[in-house]
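Subject: Handover of a structure and notes on it

Dear colleague,

Please find below the structure that I am handing over to you. My notes on what was found in it follow directly after.

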Amino acid sequence: MSEKFSPTLRLADLNDFIAPSQACIVSLKAVSASKPEKDEVLIHKREKVLPFGKLVNSEPVKISLKDCLACSGCITSAETVMLEKQSSDEFLSRIKSETAVVVSISPQSRASLAVYFGLSPSQVFKKLTTFFKSLGVKAVFDTSCSRDLVLIESCNEFIERYEQHKRADGEETVSTLPMLSSSCPGWICYAEKTLGSYILPYISSVKSPQQAMGTAIKHHISKKMGFMPQQVYHVTVMPCYDKKLEAVRDDFVFPVARQGENVLEATGLKIAEVDSVLTSGEVLDLMQLKSIDFNALEDAPLDKLLTNINGEGLLYGVAGSSGGYAETIFRYAAKTLFGKEIRGSLEFKVLRNSDFHEVHLEVGGETVLRFATCYGFRNLQNVVRKIRSGRCEYHFVEVMACPSGCLNGGGQIKPKTGQSAKDLIQSLETTYQQDVVVADPGENPIVRSLYDEWLGEPGSEKAKRYIHTKYHPVTKSITSQLHNW
């Protein structure tokens, strides 16, 4: 039955460098080998004797995709997991229905496809628009819009935290600094499942660009397109398999209403901000399945409703291939808190290794801001230990689970024959900045219109309702004490 779930997804990809735990807390109750329900998967267990002497048979266990974010360990690192709801088959079936399918593409995925096909990111974006619309997609957008929205909210949140960090007389209060970025679902999953409640207050409450895009489309843009939220099927193209897990979090599902005679009536229906996620590699697989000569496709006009593009046809970008959180917030904080406007590029100092960088601001001989970028779990665990012991000197840390950041996500297109992973990353970093004009997120006219028409002001109650979220420590069950099954 595996051919029904092409392309397949392995838990080793989902882990994104998180070492598997010893067990899964999901019940081992066997079920019949029937077709999974939507986001459920069937996992076949090999026969094995557990420590207490019970023989586990090879009947399948039905596990919801959501359980990947609600357990104390991975399901298994040796089996293949088929994700029906998060597949290209589901994507194509939705296009055939009456649903309005909208696709949002991440800049990291554009870079991955650009390197593979030898094109620029803007050419890839235009050809992807042609490709998706030839399949029946209604609109193709750019998640750089939601990235800028998220950066603005993150800047505002950092200022609030920094000012709360000290009393008026300069004495420190209970601190929620350093603020840790929240856009990486692999890191969030690790924090909730392994680190627990002590680390969660430090994590930014701002949603990732993927989820901010989802809430903008479902709550605001859908109306401008003439659709109800439940009529829109939103698909994102991402560099990371963990984005599939992020999309099915209960925190990112909301109830919808319908218009009655005089009031909005509850329907009892709940829909997701992001309905499905395809990785960069899965989009390539889809094109190959359709026998598409991608380079030969025409360049389609871009949908400007949610696409970061200026009058010269350049895309708005930020410094930093993983979203530019550290650099953007550092510049904003330096200007807002200390009146220091930083021009030119920031000089990040490489510390322990190439995946850990630091930058600081001095005022009057005193270091007033100290930021870091921390990629990969080896570096992350060092930061976490310092926070736990109260010895962390940073005010903000940009955290990404993957070494080298989002461009190296597990869902990106793999190196070609004879190409090393290091060479591929270097090509991706160079290509990522092509056709991009680096600008302050606040200068983005589309983001300004989102605030003017929908959210109000940065940090407003409406912005916190739609663009912020919460995190939850996951309690381990007794099953997590067992060995791998």
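I begin with the aromatic residues, where Phe 158, Tyr 162, Phe 330, Phe 338, Phe 371 and Phe 396 are linked into a cluster by ring pairs. Please keep in mind throughout that this is a predicted model.

**Aromatic pairs**

In total, the structure holds 13 aromatic pairs. One of them is formed by Phe 158 and Phe 371, whose ring centres are 5.3 Å apart and whose planes stand at 70 degrees, an edge-to-face arrangement. Phe 158 belongs to helix α5 and Phe 371 to strand β17, so this pair ties together parts that are 213 residues apart in sequence. Phe 158 is buried, with a relative accessible area of 0%, and Phe 371 is buried with a value of 0%.

A further pair consists of Phe 356 and Tyr 394; the ring centres are 6.0 Å apart and the planes make 55 degrees, so the pair is tilted. Since Phe 356 lies in strand β16 and Tyr 394 in the loop between α11 and β18, parts that are 38 residues apart in sequence are tied together here. Phe 356 has a relative accessible area of 1% and is buried; Tyr 394, at 4%, is buried as well.

**The sheet and its helix**

Strands β16, β17 and β18 belong to an open sheet of five strands, in the order β9-β18-β17-β16-β15, with mixed pairing. Its edge strands are β9 (179-180) and β15 (349-350), each of which pairs on one side only. Strands β17 (residues 366-375) and β18 (residues 396-400) pair in the parallel sense over five bridges. Within this pairing, Ala 372 has Val 397 in β18 as its bridge partner. Helix α11 (residues 377-389) packs on the sheet and touches β9, β16 (356-363), β17 and β18. The direction of helix α11 makes about 140 degrees with that of β17.

**Salt bridges**

Side chains of opposite charge can pair when their charged atoms come close. The count for this structure is 17 salt bridges.

Arg 94 and Glu 90 form another salt bridge, with the closest N and O atoms 3.2 Å apart. These two residues are four residues apart in helix α2 (residues 88-96), so they too are separated by about one helical turn. Arg 94 is partly exposed, at 29% relative accessibility, whereas Glu 90 is buried, at 18%. The buried residues of α2 are Ser 88, Glu 90, Phe 91, Leu 92 and Ile 95. Among the elements that cover them are β7 (100-105), α4 (121-135), β10 (232-238), β13 and α9 (280-289).

A salt bridge also joins Lys 207 to Glu 273, the closest N and O atoms being 2.5 Å apart. Lys 207 lies in the loop between α6 (185-195) and α7 (209-225), and Glu 273 in the loop between β12 (264-272) and β13 (276-279), so the pair ties together parts that are 66 residues apart in sequence. Lys 207 is buried, with a relative accessible area of 5%, and Glu 273 is buried at 4%. Elsewhere, salt bridges that share partners join Glu 192, Arg 249 and Asp 251 into one network.

**Two further residues**

Ser 208 is found in the loop between α6 and α7 and is buried, at 2% relative accessibility. Its side chain makes a polar contact of 3.0 Å with the side chain of Glu 246. Not counting residues up to four places away in sequence, Ser 208 touches Val 150, Ser 183, Lys 243 and Glu 246.

Phe 117 lies in helix α3 (residues 107-117) and counts as buried, at 17% relative accessibility. Leaving aside neighbours within four places in sequence, Phe 117 is in contact with Leu 284, Met 287, Phe 294 and Asn 295. Phe 117 and Phe 294 are 177 residues apart in sequence, while their C-alpha atoms are 7.8 Å apart in space.

With kind regards

Key:
Residues are numbered from 1 along each chain as its sequence is written. This is a predicted model: local features need pLDDT of at least 70, side-chain atom pairs count only at pLDDT 80 or more; totals for chains, interfaces and linings use all residues. Side-chain values use heavy atoms; hydrogens and water are left out. A salt bridge is a side-chain nitrogen of Lys or Arg within 4 Å of a carboxyl oxygen of Asp or Glu. Buried means under 20% relative accessible area, exposed over 50%, partly exposed in between (1.4 Å probe, protein chains only). Contact means heavy atoms within 4.5 Å. A polar contact is a pair of N or O atoms within 3.5 Å; within protein, one must be able to donate a hydrogen and the other to accept it, and residues adjacent in sequence count only if both atoms are side-chain atoms. Two strands pair if DSSP finds at least two bridges between them. Axes are lines fitted to C-alpha atoms, for helices over the stretch in contact, and angles run from 0 to 180 degrees between N-to-C directions. Rings of Phe, Tyr and Trp (its six-membered ring) pair if their centres lie within 6.5 Å; planes under 30 degrees apart count as stacked, over 60 as edge-to-face and the rest as tilted.
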